[in-house]
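Colleague: I would like to go through the fold of this model with you. Please put it on screen.

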Amino acid sequence: MKSVFSAIICAAALSLSGFAAAAQPAPATASQAGKGIWIDVRTPQEFQTGHLNSAVNIPHDQIAQKIQSVSPNKNTPINLYCRSGKRAEAALETLKNWVIPM
């Protein structure tokens, strides 16, 4: 459980720092594609306007219900991103509670 929690924290921190200011996400690089699952937590409409090549769209308010469908292994690194970072942070908090109930 601790490794999952750490992976989510690290992945979200990387995601938030790398994409917080980007209005349109850039295509994933080879190094990004090999590091876990990329989840775009914006709305489906925003996702359709552009997203990382390997990203899966799960709106931030649906992350708890849908995360297991894309990542059944809790040790898989998860990378979250959105337009500004706010929704990615909200999704991260939800996942922290999902992984380690408080």
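Colleague: In what order do the three strands form the open sheet?

Modeller: This is a predicted model, where local features need pLDDT of at least 70, side-chain atom pairs count only at pLDDT 80 or more, and totals for chains, interfaces and linings use all residues. Residues are numbered from 1 along each chain as its sequence is written, and side-chain values use heavy atoms, with hydrogens and water left out. Strands are DSSP runs (E, at least two residues), helices likewise (H or I, at least four), numbered from the N terminus; strands pair if DSSP finds at least two bridges between them. The pairing is parallel, and the order is β2-β1-β3.

Colleague: Which strands stand at the edges?

Modeller: Each edge strand has a single partner strand, so one side of each is left without a neighbour in the sheet. These are β2 (56-57) and β3.

Colleague: Which residue in β3 stands opposite Asp40?

Modeller: β1 and β3 pair in the parallel sense over four bridges. Ile37 stands opposite Ile78. Opposite Asp40 is Tyr81.

Colleague: Which residues of β3 point the other way from Ile78 and Leu80?

Modeller: In a regular strand, side chains alternate between the two faces of the sheet. Here all four residues are buried (under 20% relative accessible area, 1.4 Å probe, protein chains only). Pointing the other way are Asn79 and Tyr81.

Definitions and conventions: Buried < 20%, exposed > 50% of the residue type's maximum accessible area, 1.4 Å probe, protein only.
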